[in-house]
Amino acid sequence: TNSTNVNLQRAATGNVEAAFWQVVQLPTAIYPTITIISPLNQTYTTTTIDFNVSLSESGSWCGFSLDGAANVTMTKFNDTYFNYTNSTMSQGGHNIVFSCNTSLGVENSTQESFSVDSFSPLVIIISPENKTYTTSSIEFDFSLNEAGYCEYSLNNGVTNYTMTSNSSLTGFNATNSSIADGSYNVRAYCNDSVGNKNYTTN
């Protein structure tokens with residue numbers, strides 16, 4: 001904020017008093033703009049996350065608080081860029097608050113939310129079972145432990161067949177009514193909503 005210091009001085013000059021005002025303009029406190037380069041508001045499929053911020057002016061210190069924990073000091077790469085790498089991020093949602101000081105000691109902060117999901121979905125092939133069927137019409141039923149997408153193949157991915165999902169995107173079904181006699185390995189090709197894959201064979 002702006003502030004003004006006014007000094008009133010009086011000087012006697014003969015029979016006349018003269019008044020002088022001295023106006024001093026103090027520096028304006030400019031809050032630094034913090035730009036979060038990483039993490040962004042998204043889901044990451046790795047537990048190694050870079051925390052990077054840049055400042056609009058020269059900074060003396062930047063740190064962060066992850067999920068309400070105590071501030072961690074970041075490495076000063078140059079006057080306006082600070083970074084830190086966390087290689088042991090836990091799964092789930094997180095909130096991070098960055099705080100920075102300028103060289104004049106003015107502080108500002110900003111925050112971001114992000115998630116970590118590095119686990120592949122668990123795939124269960126409910127049908128077909130590992131047995132001999134006496135019909136050419138076979139039901140294919142898969143389930144996932146989280147929302148995702150599934151296809152199936154009978155020739156190791158050369159030909160993949162789409163499946164119909166339930167409303168929660170955790171159950172998948174298809175019927176193949178023209179399967180010829182023979183032996184088959186059913187391969188489920190599934191991924192979750194952020195792209196973690198799991199290929200399961202029955």
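## The C150–C190 bridge

Let's begin with a pair of cysteines in this predicted model. C150 and C190 are both buried. A disulfide joins the two, with a distance of 2.1 Å from the sulfur of C150 to that of C190. Turning to its geometry, the S-S bond of C150 and C190 has a torsion of about 115°, so this disulfide is right-handed.

Where do the two ends sit in the fold? C150 belongs to strand β14 (residues 148-153), while C190 belongs to strand β18 (residues 187-192), so the bridge ties together parts that are 40 residues apart in sequence.

## The C62–C100 bridge

Now for C62 and C100, which form a disulfide with their sulfur atoms 2.0 Å apart. This pair links distant parts of the chain, 38 residues apart: C62 is found in strand β6 (residues 59-66) and C100 in strand β10 (residues 92-102). The torsion about the S-S bond of C62 and C100 is about 115°, so you have a right-handed disulfide here.

Are these cysteines buried or exposed? C62 has a relative accessible area of 1%, and C100 has one of 0%. Buried means under 20%, so C62 counts as buried, and so does C100.

## The overall pairing

How many disulfides does a search of the whole structure find? The search finds two. If you number the bonded cysteines of the protein in sequence order, they pair as 1-2, 3-4.

Key: Residues numbered from 1 in each chain as written. Predicted model: local features only at pLDDT ≥ 70, side-chain atom pairs only at ≥ 80, totals over all residues. Heavy atoms only, no water. Disulfide = S-S within 2.5 Å. Helix = DSSP H or I, 4+ residues; strand = E, 2+ residues; numbered from the N terminus. Buried < 20%, exposed > 50% of the residue type's maximum accessible area, 1.4 Å probe, protein only.
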